[in-house]
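Hello,

Here is the structure I promised to pass on. Please look it over first, then read my notes below.

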Amino acid sequence: MGKAVSHRPSSSAAAEKTPPSPSFPLICLLPREAFFQPRFQPWRDRPVQRRRRRKSATRGAISMADSSGTTVFDNLPEWLVVDEILVRLPPKDILRCRAVRKSWLSGTSTNTFILDHHRRQPSLPIIKHHKGICRLTGASNERKIRPVLQYARHFSSNNVTLHAACDGFLIMSQQRSDFRICNPATRKCASLPHPPSRPGSRFVDVVGFYQHTTSGEHRVLWVSVPIPVIRAIRATGPQGADMAIELPDYFVLTVGSDQPRCIQWPTISKQEFPDIRSSRNPPVHHRGSLHWEMGINITVFDTIAETFRRMSCPARLENTHMWSPDSLSDMGGALALCRSAPDCLTFDIWVLQDYDAETWGFQYQINLLAMEVSPPIDLGIMLIPMTTLINEHELLIQQCPSRLLHCEIDGVSLRDVESGEHEYHLLPLTTHRLQESMISLPLFEAQEEDAVNKEAPFVIVL
């Protein structure tokens, strides 16, 4: 058993030990409703016969607080309200606050504020089902599934595909041809240009989606997969023929541009070509690179130099349980690999301890049979489980299409994830993640001005 990672105290425990800073009293004291409702409503939900008696007392309280009608925010520095209060709200609430004051509109529209706000948002797994796309919400002890997008009428997961997610943006397509990029938080959506299909190409698909930090541009890595062509056939006895096929072409395209740039893949044989389409095998964003788990290797794409390379997986996993799909995740700033045992009930978690030296260390083993859950796990269903890490303390396990389990990595708690009123049969769990943002793209404004947006095959309900 590997060495356990020390867990940080919970936010509630930290709040009890550390008193709130006197410089920022409103962060802890003001409820969310304070932004959108009058400060004083003591007569609310009281019997009608008592309202007249309370009315004068309420007016007196208001006049005593401030006879000029100003609110508590008028007594605070503007930078404090914007940089320490509004920045902590969800995007939906900030967009509502922009309609309250012009100063709040301008203060929350700067690039500095938008990026600072985005960094504060949690990055949580995306849950796909047949009627749309959901996200994981809530604190660790009350995780729930809430909708983000719902497919429009006559559409389903059979003809709408989620390809990639980055910085709060989602790339989706209809029948893998009509590609779209949207920001659910701001409800912006636009058609996404893609490289044209070349002669002999079977299809064009998304491999990765990232922000190029040097230029600040959001870019998409595409692949053009050719129809297999037999170049040579050599007799190999009873083993059959050795066929060589044309390798796929990779392109980088800035979002909104129609000028693709070819990227060289460092392979020369069919055996070295992996299927790294993002819809099937989403990459993990870590240390400025995209990472795909490929059996005994990890394929890495440096998003700054825009080049491919390889990393090794844990040596002990090279020849074990190859039938079991691995789950690659970012675990609290370290790359982690989760693999299930043949019994479908035990999971091993490995952590990349030294990224440059590619040194892996065994961290945890989770045994579902040793944990209590109601209803109990059906041992008659021996499907290969799908897993994804939420953070360094929590894991999602999908044992069957109708059940999603939330597991604490230390083995203390196992419970079902509440889906509320949205009871759906889930699609296989992936490592797509959504970190909400109010970031915009020039493509959104350009297509709004040109009025070229077509009706999307989905409706944003976030």
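The lining of the second largest pocket draws at least two residues from each of five elements: strand S4 (160-166), strand S15 (289-294), strand S18 (327-331), strand S19 (334-340) and strand S22 (386-389). S15 gives the largest share, 4 residues. The pocket holds about 620 Å³ of space. Its lining has 34 residues, and those closest to its centre are Arg280, Asn281, Pro282, Leu429 and Thr430. By class, the lining splits into 15 nonpolar, 13 polar and 6 charged residues.

Some terms for that part. Strands (E, at least two residues) and helices (H or I, at least four) are DSSP runs, numbered from the N terminus. A pocket is an open set of points on a 1 Å grid over the protein atoms alone, where a 1.4 Å probe fits, with protein on both sides within 12 Å along at least five of seven lines; lining residues have an atom within 4 Å of a point. The volume is the space filled by probe spheres set on the points, with grid points joined across faces, edges and corners. Ala, Val, Leu, Ile, Met, Phe, Trp, Tyr, Cys and Pro count as nonpolar, Asp, Glu, Lys and Arg as charged, and the others, Gly among them, as polar.

This is a predicted model, in which local features need pLDDT of at least 70, side-chain atom pairs count only at pLDDT 80 or more, and totals for chains, interfaces and linings use all residues. Residues are numbered from 1 along each chain as its sequence is written, and side-chain values use heavy atoms, with hydrogens and water left out.

How far can you trust it? The mean pLDDT (the predictor's confidence in each residue, from 0 to 100) is 76, and 72% of the residues reach 70 or more. Residues 1-65 form one of them, with 50 contacts (heavy atoms within 4.5 Å) beyond four places in sequence. Residues 229-242 also stay under 50, with 19 such contacts.

Now the whole protein. There are 8 helices and 27 strands. Of its 462 residues, 44% count as buried (under 20% relative accessible area, with exposed over 50% and partly exposed in between; 1.4 Å probe, protein chains only). Among contacts with a separation of 6 or more, 56% are between residues 24 or more positions apart.

A few single residues deserve a look.

Asparagine 183 lies in strand S6 (residues 178-183). Its relative accessible area is 0%, so it is buried. Beyond its neighbours within four places in sequence, asparagine 183 is in contact with Gly168, Phe169, Lys188, Ser437, Met438, Ile439, Phe444 and Ile460.

Two arginines have a positive phi, though neither is a glycine. For arginine 187 phi is about 60°, and the residue sits in the loop between S6 and strand S7 (188-191). For arginine 287 phi is about 50°. Arginine 287 lies in the loop between strand S14 (284-286) and S15, and counts as exposed because its relative accessibility is 53%.

The loop between strand S21 (359-367) and S22 holds aspartate 378. Proline 375 is found there too, between S21 and S22. A cis peptide bond joins serine 374 to proline 375, with omega about -5°. Aspartate 378 is partly exposed, at 41% relative accessible area. From aspartate 378 to glutamine 399 is 21 residues in sequence and 9.2 Å in space, C-alpha to C-alpha.

Best wishes
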